[in-house]
Amino acid sequence: MSHASPKTVAVSTEPGALAYYLLEFETPDAIRSAARRVNEAGWTRWDTHTPYPIHGLDATMGVRPTVLPVIVFVCGCLGALTGLALQWWANASDPANFKFIPTFLQGYHFLISGKPYFSLPANIPVIFELTILFSAFGAVFGMLGLNFLPDLYNALFNSRRFARVTDDRFFISLDARDPRFDERKTREFAETLGAAVVEDVRHSPWTAPPQWMVHVGVVASIVALVPLALIARSWTAKSPLPRFHIVQDMDNQERYKAQMENPIFADGRATRLPAEGTVAIGELYEDTHYWYGLVDGKPAETMPERVELNEALMERGRKLFDINCSACHGYDGAAYGAIRVRADAIGNVLAVRSFYERSVMEKSVGHLFNTITNGFQTMPAYGHRVSTEDRWAIVAYVRALQRSRSASVDDLTTEERARLR
Amino acid sequence: MAHSASIEASNIDFRGHAPRLVTAARMLGLIGLVLTAIVGVAAISMGDGHARESIWRAYVANLCYFTAIGLGGLIFVLIQHATRAGWSVSVRRLAESTAGALPTMAMLAIPIVVVMLLSLPGIEEVYPWLKSGYDRSNAAYLNKPFFAIRMVVFFGIWIWLANFFVNSSVLQDQTGDVRLTSRMESRCYPGILLYALTSTFFVIDMLMSMNPHWYSTIFGVYYFSISFVNNVSVMALMIFFLHRAGFMRNVVSNEHLHDVGKLVFAFTVFWAYIGFSQYMLIWYASLPEETFWFMARQSGPWLYLSILLILGGFFIPFLGLISRHPKRRAAALAVGAAWVLVVHWFDILWLALPRANPEAGAVTISGTTLVFDLVLSLTAMIGIGGIFASAVLQRLGSASLVPTRDPRLNEALAFHNF
């Protein structure tokens, strides 16, 4: 129930000067009628103090509606705009247009989930949060500001009687700074208001803090600047040392890392070599036919025994061919895949071999396997991304494609030949 | 007591006025239903292939809309008991009257269940899971008998809850028994739980199952937000009209109006919050099996409706009701409340009318179908709304407008906003 007015009147705040007349009432009804009279008398700097809210007392006092809602609304709008601008700046502004701004303050294009850099739905949660945050700041700090808080000294607390305001007494304080205040007339007015007691509240004398406290304060203030100065210095200073590692967790441990020196062992290496002839699980590549497509060091002419030719394998081969190979070689292997077609269209040269060229037709399966595994000229290697079994499936499928273009009458059964006639 | 005197001075007996209004509303409702039938038959005979579907969609939409108001009344009453609220005693009977219309809404839900059980033409287009060849992966839940059973359970629970709370409150007018209040307070908690489950599954069944493979876990909350804001808006309108006719003047002060207005304001924001939460997750994940539902509402004529919802459902009421002044003036609040009710009627149409297809996204409909959709929705609104209004008015006229012997009535009369 602050009732302050911006108008200031030069009033002594010297120790012992009159600060307030404090009127004590015993019932809410008594304070209500007194408050009405103070308001009617045109007072602006005065207040009521009650142990609990009394409905309607604001109206009786003539307190105008607070402007706080407007402050909160404006702060909320500012928060919304800040949220929007912040996200635009951080993610959607083009740094090239803002070269005059230091790099560490510039925005940075960051693609999230394939959304546009500036996309409203993604921004709304942040806008929402900042609206709330700014509104809350506006409400709290606006309230404090409008009430002139924090207020470290108020003469009212010099009155012992006033302590009962949180218990069972009702008070009106008439401020000496009010333009209507007059030591004698106001006293007379106050006495007509039906108060149980009218008390003079005087300013207390200013007592300086003890000398030792001042010294300690000065020293403490200076010491408090030291860490800040150190931080400021290391911010700009150059150093060959690594950054401070404040939280260690288990980052730096006393142990040997790979490739370090270790005097314990004869060879001086921390890393130990596996015992002679060790083979890791799953890394025995003895069957060169299967793993490398080589028989006695030459490309294999036949499929390895471990690969069983059947419909499932061919189907797997077709699927993987369509995924990995068709982009260049085409679905039919005639070397007109989408990339090749596009390269031709824009005048680039992309050398893709058709499977139906004689030279390719004559290659052994081991050779084809090796080409798929390690690549050839512009063709990249697929050994690391298609498993061995699957590469053989592709080989089988490529062979089937080639076979489909070179069938002769002899390949048909008698029945089929009969149908052709 | 001064407060009792103000009740005496206030006219809280609506009994003499109700019957005339009830008859008028009921006539209006019947006219609306007959009009719906006439327009429906006209649309079918004009050869509009979607006409039958349009009729069912319009009916279901309005059924959900007015049931939402009744459910809002029920949850309002439950919350007041749960929080042992003092201020709301003077307006609680208004919410009790909308909750009291739920039995009537149960009667109006019967046609949909019957249409479904008889597989009348068009209903399969509204609820594709009724089709015999439809993917049966969720048939354990979405099937005719279980749907019918659920509707009986939902409305049964609501009628039971509404009857208990309304009848206890009315009984207290005669006996003044404080134990009735205690009993209502102890039963409201399981009641809120039952309400949350039934309301959620009701709208899942009625509206979300129109796209059986589309799901949004927040759909039930969205419907709850609509039902709450609709109910408090109806309460604000009731206060306006009752005040104008000279009722409840001293019982419902600007302070109560202010609180009702705060609830209207708060729940338009809540509605926007829920609606946006639903949208943002689907937009961000961008999964085709979810986005098609919004695609259908972002294309063709529905795009304009979507924009209208954003502006009219959030921005306009937000800016219009944010200040305390319109909330404390019955006429201004009534305008806001009416606006909110209209927007949320379109909101329910937005949920129920657009045809969406998981494969194709938006399903384009002809202009005639759209016109019939809207006209049928309007006539069905008059029909179902009229009957709903008659039920509410009948409740209003069956007891005093204020729970006269509620132990917290004095607290409500002395209520003052800070």
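**A greasy patch and what lies beyond it**

Guide: Start with helix H3 (residues 68-92) of chain A, which gives the nonpolar patch its largest share, four residues. Helices here are DSSP runs (H or I, at least four residues; numbered from the N terminus). This is a predicted model, where local features need pLDDT of at least 70 and side-chain atom pairs 80 or more, while totals for chains, interfaces and linings use all residues. Residues count from 1 along each chain as written, chains are lettered from A and ligands numbered from 1 in written order, and side-chain values use heavy atoms, without hydrogens and water.

Now find the whole patch on the surface: Val67(A), Val70(A), Phe73(A), Val74(A), Leu78(A) and Leu146(A) make it up together with Leu319(B) and Ile322(B) from the other chain. Together they have about 660 Å² of accessible area (Shrake-Rupley, 1.4 Å probe, with only the protein chains shown as cover for residues). Patch members have over 30% relative accessible area and no salt bridge, nonpolar side chains (Val, Leu, Ile, Met, Phe, Trp, Tyr) being joined within 5 Å and like charges within 9 Å.

Zoom in on Val70(A), which sits in helix H3 of chain A. Val70(A) counts as exposed because its relative accessibility is 54% (exposed is over 50%, buried under 20%, partly exposed in between).

Now hop over to Leu321(B), in helix H12 (residues 302-321) of chain B. Leu321(B) is buried, because its relative accessibility is 3%. Leaving out residues up to four places away in sequence, Leu321(B) touches Val264(B), Phe265(B), Pro326(B), Lys327(B) and Leu333(B) (contact is heavy atoms within 4.5 Å). Gly261(B) is 60 residues from Leu321(B) along the chain, yet their C-alpha atoms are 7.6 Å apart.

Let's stay in chain B and turn to charges. In helix H4 (residues 89-99), Glu96(B) and Arg92(B) lie four residues apart, about one turn of the helix. Their side chains meet in a salt bridge, at 2.9 Å from N to O (a Lys or Arg side-chain nitrogen within 4 Å of an Asp or Glu carboxyl oxygen). Arg93(B) also forms a salt bridge with Glu96(B), at 3.1 Å; these two are three residues apart in helix H4 of chain B, so about one helical turn separates them.

Conventions
Buried < 20%, exposed > 50% of the residue type's maximum accessible area, 1.4 Å probe, protein only.
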